[in-house]
Amino acid sequence: MSVAILRQGEYLIASVQSDLTDREVVDVRDELSRRVGAERIRGIVIDVSVLDVIDSFVARALRAVAATAALRGAETVVAGIRPQVAIAMVHFQLDLAPLRSALDLDEALALLDALASGGGGHGG
Amino acid sequence: MSEGARDTANVAGDVQGERQLLRELVAYLRNRREPLREEWARRITSEELLGVMTAEEVFDEVTAVYENYVDALETGSFEALQAYARNLSERIVPRGVETDEVLGVVLLLRDVLARALFEEYQGNPSKLNAILDAYEPAANRIAVTVSVSFVQERERVIRQQQESIRELSTPVLQVRDRLLILPIIGVLDSQRARQLTEQLLHAIQTSRAQVVVIDVTGVATIDVTVANHLVQTVEAARLMGANAIMTGLSSEIAQTLVDLDVDLGVMRTVGDLQGGLEEAERLIASWPGAPPTRDAEGTPAE
């Protein structure tokens, strides 16, 4: 399995370890959406920092994970998109919206905390 | 008519005769150099060419070019003239002499010399014909040599300037923790836009920026390609978790963008850099996502 899914409190961290086959993308999507319901998860971080390429298939799968998770009450954040990957993605007009992105895992967890504490984070 | 045709045929066939004619021509032009040079300079002034140069300068150049011109006619070798033309171009291009002026000046010399030849040989049409046959091709080549040297020099200057513009790298500046500004100045072409995007994204990664203020006050014009590049830059920054704020869009650029129907929906825009920085501070303050501030999360924001 090239994606490790770890649980950290109310969050799931899906850490991508190597390039994904189409089959694996589908498996991860299913696994995440199953566990969001089963484990009362409030946030998912998908760490893609090892990926050299994010193609339209992966982008669509990420959006699908987010949409599914959102329906079941969890926010999804993609973490660790590299500069070159980001450039390639905008070049090929791949959009992750409405998915949120964060620089790395730390940032992603902080973002989920902020969202959990009331969206804009006006409270403490 | 038949006589003229035979003469022409004779001359065309007779290389020796042509050389002889050319020698005669060169001797004639050398003899009459003073009045012809003056006539040329007078015509240049009356046609208001080379307006950026003083009368003395024009006269000095006229003298030098005339000598080189006649030498080139005599020897059939254009290297000296070419070198001189290049040197001349180096001096006059930075002063803003235009291509049409140089072409005008060169063609004026042709005109002045041709008129002089007409006058000299008008009593002898077949001789005139032969002289012109020898003169015209050489004169054309000289005119081309001088004009091309000038254009090449201009192009060299343009290339050099493009190079230096490209080398003027766009700095990505860190204003405070997690806040970068990217002031864009000058012309933004595709290559520079790509370079700029890369620089910005790497800076976002290394400085862990949350907000980037892109200031385009120094950008004079914008077109569809550049606008789309900016949109892509903003989107790429967002993919890396950073918010981009665009500032300093002039009213012309704003109108252009609206007219071009560029989708700027992803962009957050603020009037000027100061407003952009204030907006950035607000964004950072209201977003307790950063690890350093995470510890202090319990503190109420007010």
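Residues are numbered from 1 along each chain as its sequence is written, and chains are lettered from A and ligands numbered from 1 in the order in which they are written. Because the model is predicted, local features need pLDDT of at least 70 and side-chain atom pairs count only at pLDDT 80 or more, while totals for chains, interfaces and linings use all residues.

**Stop 1: the sheet of chain A**

Select the strands of chain A. They form an open sheet of five strands in the order 1-2-3-4-5, with mixed pairing. Strands (E, at least two residues) and helices (H or I, at least four residues) are DSSP runs, numbered from the N terminus. Two strands pair if DSSP finds at least two bridges between them. The edges are strand 1 and strand 5 (100–102) of chain A, each pairing on one side only. From one strand to the next the twist averages 25°. Angles run from 0 to 180 degrees between N-to-C directions, and axes are lines fitted to C-alpha atoms, for helices over the stretch in contact.

Next, select residues 3–8 and 11–16 of chain A. These are strand 1 and strand 2, paired in the antiparallel sense over six bridges. Val3(A) stands opposite Val16(A), and Arg7(A) stands opposite Leu12(A). The two strands form a hairpin with two residues between them, and Gly9(A) in the turn has a positive phi of about 60°.

Ile13(A) stands opposite Val45(A) here.

**Stop 2**

Now select the strands of chain B. Here too is an open sheet of five strands, in the order 1-2-3-4-5, with mixed pairing. Its edge strands are strand 1 (173–176) and strand 5 (268–270) of chain B. The twist averages 30° from one strand to the next.

Select residues 211–218 and 243–247 of chain B. These are strand 3 and strand 4, which run parallel and are joined by five bridges. Asp215(B) has Thr247(B) as its bridge partner in strand 4 of chain B.

Residues are in contact if their C-beta atoms, placed from the backbone, lie within 7 Å.

**Stop 3: between the chains**

Select residues 83–91 of chain A and 224–239 of chain B. Helix 3 of chain A and helix 9 of chain B pack at an angle of about 130°, with their axes 9 Å apart. That makes helix 3 of chain A oblique to helix 9 of chain B (under 35 degrees is roughly parallel, over 145 roughly antiparallel, 65 to 115 roughly perpendicular, and the rest oblique). Residues in the contact include Met89(A) and Val90(A) from helix 3 of chain A, and Ala236(B) and Leu239(B) from helix 9 of chain B.

Finally, select residues 190–207 of chain B, which form helix 8. The axes of helix 3 of chain A and helix 8 of chain B come within 9 Å and cross at roughly 135°. Pro83(A), Ala86(A) and Ile87(A) meet residues of helix 8 of chain B, among them Leu201(B) and His202(B).

Conventions: Two residues are in contact if their C-beta atoms, placed from the backbone, lie within 7 Å.
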